[in-house]
Amino acid sequence: MKPNLIRDKIHSKLEDYNKYLYGPRYDVIFRFEQEFFVSQLLSVVKISDLRILLKAQLSKISNLMNKPSYITFSIPKKRGGNRLIQSPDANLMRIQSRLNFYLQNYYHLIRPEGIHGFVINPNKKEKICNIVDNAKIHVNQKHLLNLDLKEFFPSIEAYRVKELFVSEYFKFNEDIANALALLVTYKGKLPIGAPTSPVISNFICLQLDSDLITFCNENQINFSRYADDLTFSSNKEITKEMIRSIFEIIKQNQFEINTKKTRLKSKNRKQTVTGLVVNEKVNVDRQTLKMVRAMLYDASKNGIAKAASKHFSFNQKNAHTHTSYFLNRLEGYINFIAQVRGKEDALVLKFKEEFKMILKLQ
């Protein structure tokens with residue numbers, strides 16, 4: 001394949017894609033911007049080109065490659081245990097964020113259908129995929145299989161990132177591929193906390209996604225992936241043999257399944273996809289609705305401060321901080337429910353009205 005053939009195809013797709021997505025009003029502006037940014041990324045042929053792409057001196061880039069600085073800390077997981085976060089310092093964060101912009105422009109174009117996690121449109125600066133879209137294709141199916149990829153980011157080692165950058169998707173030379181791999185990995189792995197890790201994981205998963213889509217199409221199975229959450233559904237039985245084949249595809253693509261989170265559920269049980277119920281329609285779990293009702297009731301009856309203490313555990317003795325946290329969380333839950341059920345949903349409107357009344361109590 002000729003070196004410029006892939007780029008030509010990308011630019012051709014960009015034009016068609018933007019006409020479809022943005023229409024006549026935005027066609028010229030966004031077509032130019034995306035084509036320009038993707039072209040800039042793919043036109044890097046020597047180390048000195050990174051200076052222009054990343055808007056940083058080569059000496060700084062070199063220093064960040066060889067001596068990356070990260071802040072490491074742990075946060076609790078929802079279901080117990082801790083998650084190690086490795087967050088880059090301010091200088092490296094700026095470089096990675098710049099690179100992330102170019103990578104997101106590129107992935108936004110070539111994203112396979114059914115892939116929803118970590119996908120944004122950098123030009124419009126908004127997410128174009130979400131957990132609702134991810135759940136929709138699995139509504140009202142007789143059988144649903146949930147899988148989780150174990151240690152998703154840390155399982156992607158630096159050599160795989162380098163291989164990505166020399167692959168047909170980028171066609172970078174060894175020097176560029178090494179430099180970029182060093183800029184986005186830490187201790188030989190994709191760090192949880194770097195802005196580039198999500199989009200790079202999506203690029204790494206392109207072959208996995210392609211293999212699973214092919215298999216599912218052949219077996220009348222719906223498939224979607226949201227980051228490390230894989231969901232399969234069908235009105236036909238998902239047999240043990242099919243599941244073994246899916247496991248083998250995942251293994252061949254150098255990922256491991258977290259067997260503790262593997263679930264196969266029929267329609268007569270509660271089926272969930274990325275936390276949303278999909279038995280009859282995409283909906284919020286009853287427990288979440290019950291929790292929001294309780295928070296609204298407690299705040300209106302007993303006051304925000306007491307409601308905050310009841311629903312959340314605080315280590316510090318700052319009442320203002322407690323109430324602000326409570327209100328932010330409550331508003332976030334209501335907005336989440338609105339995203340799932342719709343802004344004009346009767347229950348959503350009721351929750352929003354009650355929230356407004358609570359704000360007047362401050």
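These are my notebook entries on a predicted model of one protein chain.

**Ground rules**

I number residues from 1 along the chain as its sequence is written, and for side-chain values I use heavy atoms, leaving out hydrogens and water. Because the model is predicted, local features need pLDDT of at least 70 and side-chain atom pairs count only at pLDDT 80 or more, while totals for chains, interfaces and linings use all residues.

**Entry 1: the whole chain**

I began with the overall tally and found 14 helices and 11 strands. Both are DSSP runs numbered from the N terminus, helices being H or I with at least four residues and strands being E with at least two. Of the 362 residues, 44% count as buried; my cut-offs are under 20% relative accessible area for buried, over 50% for exposed, and partly exposed in between (1.4 Å probe, protein chains only). The chain exposes about 19900 Å², and carbon and sulfur atoms supply 50% of that; the areas come from the Shrake-Rupley method with a 1.4 Å probe, and for residues only the protein chains shown count as cover. I also looked at contacts, meaning heavy atoms within 4.5 Å. Among those between residues at least 6 apart in sequence, 66% join residues at least 24 apart.

I listed its contacts beyond four places in sequence, and they include Leu-53, Leu-99, Tyr-102 and Phe-170.

Next I turned to Thr-196, in the loop between α7 and α8. Thr-196 is buried too, at 0% relative accessibility. Leaving out residues up to four places away in sequence, Thr-196 touches Gln-96, Leu-99, Asn-100 and Val-184.

**Entry 2: helix α7**

I then followed helix α7 (residues 174–184), whose buried residues include Ile-176, Leu-180 and Val-184. What do the buried residues of α7 pack against? I found α2 (49–54), α3 (58–66), β1, α4 (90–110), α6 (158–166) and α8 (197–204).

Strand β7 (residues 229–234) is mostly covered, since 5 of its 6 residues are buried. I call two strands paired if DSSP finds at least two bridges between them. Strand β5 (residues 143–148) runs antiparallel to β7, joined by 6 bridges, and Leu-145 stands opposite Phe-232 there. Strand β6 (residues 222–226) pairs with β7 over 5 bridges, again in the antiparallel sense, with Tyr-226 opposite Asp-229. β6 and β7 make a hairpin with 2 residues between them, and Ala-227 in the turn has a positive phi of about 60°.

**Entry 3: an open sheet**

I traced 3 strands forming an open sheet in the order β9-β10-β11, with antiparallel pairing. β9 (272–273) and β11 (283–284) are at the edges with a single partner strand each, so one side of each has no neighbour in the sheet. β9 meets β10 (residues 276–277) over 2 bridges, and Val-273 stands opposite Leu-276.

**Entry 4: salt bridges**

How many salt bridges does a search of the whole structure find? I got 9, counting a side-chain nitrogen of Lys or Arg within 4 Å of a carboxyl oxygen of Asp or Glu.

- Lys-150 pairs with Glu-256, the closest N and O atoms being 3.8 Å apart. Lys-150 is in the loop between β5 and α6 and Glu-256 in the loop between α10 (240–252) and β8 (263–266), so the pair ties together parts 106 residues apart in sequence. Lys-150 is partly exposed at 38%, and Glu-256 is partly exposed at 48%.
- Asp-298 meets Lys-310 at 3.3 Å, N to O. Asp-298 is in helix α11 and Lys-310 in helix α12 (residues 304–311), so this pair ties together parts 12 residues apart in sequence. I noted that Asp-298 is buried at 5%, whereas Lys-310 is exposed at 60%.
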